[in-house]
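This briefing covers charged contacts and strand pairing. Please look at the sequence and the model before reading on.

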Amino acid sequence: MRGEILGVERRRRWDDDEKLAIVSAVGVGGVTVTQVAQRHEVTRQQIYAWRHELKRKGLWSPDAGALFLPVGTTPVAELPVSSAPPPVSWIELCLAKGRMLRFESSIDDRDLTRLIRAVDGA
């Protein structure tokens, strides 16, 4: 009995640099995981597994290409002093079909009625 292999072997070996390049391509220019996976002929799950593996090895960080910009802030001494608003209490209302609605106690009755009808009717 003889056997013959037809087609190309699908098992490929990827080194960490190749995996890192593929994982890092996600999000660049709005490219999705699906698009990167299709481009490199791998599954989306493979990219997620590589991401997890590279994180575990300390080779990939989602913040690696992060750019931090300075933000102008007002010093605390220059902020106007005002009296603190009264504390807000929250109310939880159980509706039909296991729905729960949580709202501030200061909500207007008319707004609350509309909110209950919208949630209950959904």
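Which residues are linked in a network of salt bridges? They are D16, K19, E53 and K57. A salt bridge here is a side-chain nitrogen of Lys or Arg within 4 Å of a carboxyl oxygen of Asp or Glu. The model is predicted, with local features needing pLDDT of at least 70 and side-chain atom pairs counting only at pLDDT 80 or more, while totals for chains, interfaces and linings use all residues. Residues are numbered from 1 along each chain as its sequence is written, and side-chain values use heavy atoms, with hydrogens and water left out.

- The structure holds 6 salt bridges, one of them between the side chains of D16 and K57 at 3.2 Å, N to O.
- D16 belongs to helix α1 (residues 16-24) and K57 to helix α3 (residues 44-57), so the pair links distant parts of the chain, 41 residues apart. Helices are DSSP runs (H or I, at least four residues) and strands likewise (E, at least two), numbered from the N terminus.
- D16 is partly exposed at 26% relative accessible area, and K57 is also partly exposed, at 41%. Buried means under 20% relative accessible area, exposed over 50%, and partly exposed in between (1.4 Å probe, protein chains only).
- K19 forms a salt bridge with E53, with 3.1 Å between the closest N and O atoms. Because K19 lies in helix α1 and E53 in helix α3, this pair ties together parts that are 34 residues apart in sequence.
- Both K19 and E53 are buried.

**The strand pair**

- Strand β1 (residues 90-94) and β2 run antiparallel and are joined by 5 bridges. Two strands pair if DSSP finds at least two bridges between them.
- β1 and β2 form a hairpin with 5 residues between them. In the turn, K97 has a positive phi of about 60 degrees.
- The bridge partner of W90 in β2 is E104.
- Strand β2 (residues 100-104) has L101 and F103 on its covered face, and M100, R102 and E104 on the uncovered one.

**Contacts of R102**

- The side chains of R102 and E92 meet in a salt bridge at 3.8 Å, N to O. This pair links R102 in strand β2 to E92 in strand β1, 10 residues apart.
- R102 counts as exposed, at 52% relative accessibility.
- R102 also lies over the face of W90, 5.0 Å from the ring centre. A charge sits over a ring if NZ of Lys or CZ of Arg is within 6 Å of the ring centre and within 35 degrees of the ring normal.
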